[in-house]
Amino acid sequence: MAAVLAAALMTVLAVVVPAGPAQAARSFPEEGKPLLGAVLEWGEDTAGGFSERLGASPAIFGHDIAFPFRVSEESDIRGFLEQSAGQGAHAMLTVRPVVPLDQVTPDAAAAFAGEVRRIKGDFNGQLLIRYAPDMNASWVEWGQQPAAYRQSFQAVAAAFRDAGNGGGYAMVWEPYLGKDYPFDRNRNAPAPGSEGFALLDTNGDGAWNGSDKAYEPYYPGDGAVDWVGLTAYHDDTAGGAAVNTVPRAGELQEMLTASGGENFYGTYAAGRGKPLMLQTSAFYSPSAGGAAEAEIKNSWWDQVLGVAASAGFGMTGAVVWDERTSTRDTGVTSIDWRLTGNAGIADAARTRLEGSPVVTGPVTEVTAGPSFVRSNTLSGAAAWSVGAALILLLVALWQVPAKVSAVTAWGYSDPSSRDSRVDLLRGLAIVFVVVNHLGMVSLFQLLTQEAVGFVSGAELFVLFSGLVVGMVYGPRAKDDFGTVVDLTSRRAGKLYVTALVVLVGVFLLSLLPVFRTDALTTFVDQGTGGAGHEGAGRTYDLYAGMETLFQFPVPPEVLPAILLLQFGPWQFNVMGLYVVLLLASPVILAALNRGKALWVLAASLAVYALGTVTRFRILPSQFEDSFPLLVWQVLFVIGLAAGFHRRRIVAWLSAHTSAVAACTALAFAFAFLSWGNPYLANGFDVRLAIIPDTAYRAMYDLFFGRTYLAPGRLLNVLVLVVAAYAFLTAYWKPVQRALGWFLVPLGRATLYVFIMHVVLIAVIANIPALQQENILINTLAYAVVLGLLWVMVRTRFLFKIVPT
């Protein structure tokens, strides 16, 4: 079912001045008249919605697409083209490479263009191809690699020209404003002394810094580029603390003509006769104080309209306004970039638009037709019938053991001292973790990416870690507290050393030129972390600065950063959280042993609330980015308390079946609701259109966000575990025969599996056949990986070396 909410697909809307009656595939801009627009999230809004708020009909409707083409995207693209045709708009695809630029070969580009052409079909508008925008920035995976970028752009441009279709395609080249160029260095940028570095060193002084040109190294050539674009925002924060400021007079004009060491407009638009696409917005943070939102945005809108209508910028062909909200400072600072989010500002913008020389209207023949519905989306009665089926299943699962005597023999029984139900659930959690960390598009993702509710393997992993600590060490806390402190400290030390070994090992592996380690050494934000949706698509170097370890003398900050686990694979960073929580566990066990369970839980929830509100970081360690200590401790502490009082809790639940029934019903309800997620893992995924996309995303961010464990997600984790434990208690024998033989061994060696899966991630990343997004091949690869891990556990492979 629907997968975890990840980076939203960005959509572009624009409005244009038609010179006469609308006609199919009209060239534009006409007579120097600009387009205006806004960026929205695909599925959150429509061209009609923007048109109503700003009083402007769209002329360009846009959508993101991956390179290479993913089968899962076809349905979305068809719907996007249908909406574009229904608005009489042209269409723009923002193409974001998900493979290294050197893999964008002419053959790969031709295959990509062929797929796009097939899907485009008889769409009667122009299709703008905005390939790998912001290529001069450091935060995109394809950033700051001028030679490889130009070659890949040229390959894609040639492929679409070969696709023909009567000139129906146009290539858009769009760098980021060079005001603070070269920003931070992208880890893939050419090293000093290399041939590629010479392209970045435009003044030939042997250094790459702010005196070098920000755009020239990345320009693919007049023969490949049809449109030029520039991403330029009014934002005086320079990436630092939020500050609301009124735009300076002439600020936008200065950006277009005197930033990045070049006159962008004069050189690339007017100088080369290329239409200009300006992507812009104005920074406003409601919590930052300073200038008012209306003053900031109205002022910037005036500058945008002034430039768009100015004879001095007559090549302006399109203006795109980012109509979105985001966060900064790991989610603490909210930013509202929208022009139409406030009714008063939207009305003022409409008045200014109507008073400007710009006139709006459709640019192609408006195609009327039924609203597009994705083939793998169930709506109306079909969607609610799934809910009805879940209710029937819930009733059957609850009543069958009581009504069918033979089923009572299926109940849980285990002669060992371990609780195999917990081991099985831990095994399921580690499978979820392995599948999601490997990140290949496959059928397994349909089962692991929030398919059982708003829950991922990480939450279950942390909760069960606390549960096991409570079960193992709880009974000894009263009579042998010193031993408990010793054992938990040793365990924490073992985990810490393991984290250091993995951290350093991956770094040394990354130094091998023939072995690709990007899957472990970089992280591509999916828009679900602390940076919010704004961070979607940004790539972070997880080892930035560690290369200075080979300098002499070694910079004094490097070794402390290593010891504090500020580097390391993102797939392994939760280990730092476990180290800290294990060190704190004896104190918590001592309080539980004194009968202070309610006080412990109350304190933990208070700290959790403090962490979610303040977003305060205690440690500089990398794990705080994904697993904030003040927040995620609540799962470990709840698990610890549950493990300590497991027998009492199980007895209470056995005597209060209504509580179990309520938890089970709520778990089913959460699962049903999660299947309405607008993000689809792949072409085989199915979603239930039970809530409008806009409302769903708002609900998700408010109640089910992952990084800061929103309350709904926390509740979902707890009721799911109760429901799953009750299910295993009643139906243990058939489940054990079907899955227990596989999951229980994995659950009893989760640390070993967690360590070894990092090795397998590195191996998988170096098998080209598994990077082609082939769902069936990847599914087979997952089966092999999971089977290999099971065999390794059963044969105790390297158990004397790798911690278990």
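This is a predicted model: local features need pLDDT of at least 70, side-chain atom pairs count only at pLDDT 80 or more; totals for chains, interfaces and linings use all residues.
**Exercise 1.** Find out how D64 and R96 are joined, and decide which parts of the chain the pair ties together.

*Solution.* Begin with the atoms: the closest N and O atoms of D64 and R96 are 2.8 Å apart, and a salt bridge requires a side-chain nitrogen of Lys or Arg within 4 Å of a carboxyl oxygen of Asp or Glu, so the pair forms a salt bridge. By the rule applied here, the count for the model comes to 23 salt bridges.

**Exercise 2.** Describe where E115 and R118 lie, and state whether each is buried, partly exposed or exposed.

*Solution.* Both residues lie in helix 3 (residues 106-120), where they are 3 residues apart, about one turn of the helix. In an α-helix there are 3.6 residues a turn, so residues three or four places apart point the same way. The side chains of E115 and R118 meet in a salt bridge, with 2.6 Å from N to O. As for accessibility, E115 has a value of 28% and counts as partly exposed, and R118, with a relative accessible area of 41%, is partly exposed too.

**Exercise 3.** Work out whether helix 13 (residues 457-473) has the span expected of it, and whether it is mostly covered or uncovered.

*Solution.* Helix 13 has 17 residues, and from its first C-alpha to its last it reaches 24 Å, which is close to the 24 Å expected at 1.5 Å a residue. Turning to burial, 14 of the 17 residues are buried, and helix 13 is accordingly described as mostly covered.

**Exercise 4.** Determine how helix 10 (residues 380-403) and helix 22 (residues 657-674) are arranged relative to each other.

*Solution.* First take the axes, which come within 11 Å and cross at roughly 155°. Angles over 145 degrees count as roughly antiparallel, and helix 10 and helix 22 are therefore roughly antiparallel to each other. The handedness of their crossing is right-handed. To finish, identify the residues in contact: helix 10 contributes several, among them W384, L390 and W398, while those from helix 22 include V660, F668 and F672.

Note on methods
Residues are numbered from 1 along each chain as its sequence is written. Side-chain values use heavy atoms; hydrogens and water are left out. Helices (H or I, at least four residues) and strands (E, at least two) are DSSP runs, numbered from the N terminus. Buried means under 20% relative accessible area, exposed over 50%, partly exposed in between (1.4 Å probe, protein chains only). The expected span of a helix is 1.5 Å times one less than its number of residues. Axes are lines fitted to C-alpha atoms, for helices over the stretch in contact, and angles run from 0 to 180 degrees between N-to-C directions. Angles under 35 degrees count as roughly parallel, over 145 as roughly antiparallel, 65 to 115 as roughly perpendicular and the rest as oblique. A crossing is left-handed if the near helix is turned anticlockwise from the far one by less than a right angle, and right-handed if clockwise. Contact means heavy atoms within 4.5 Å.
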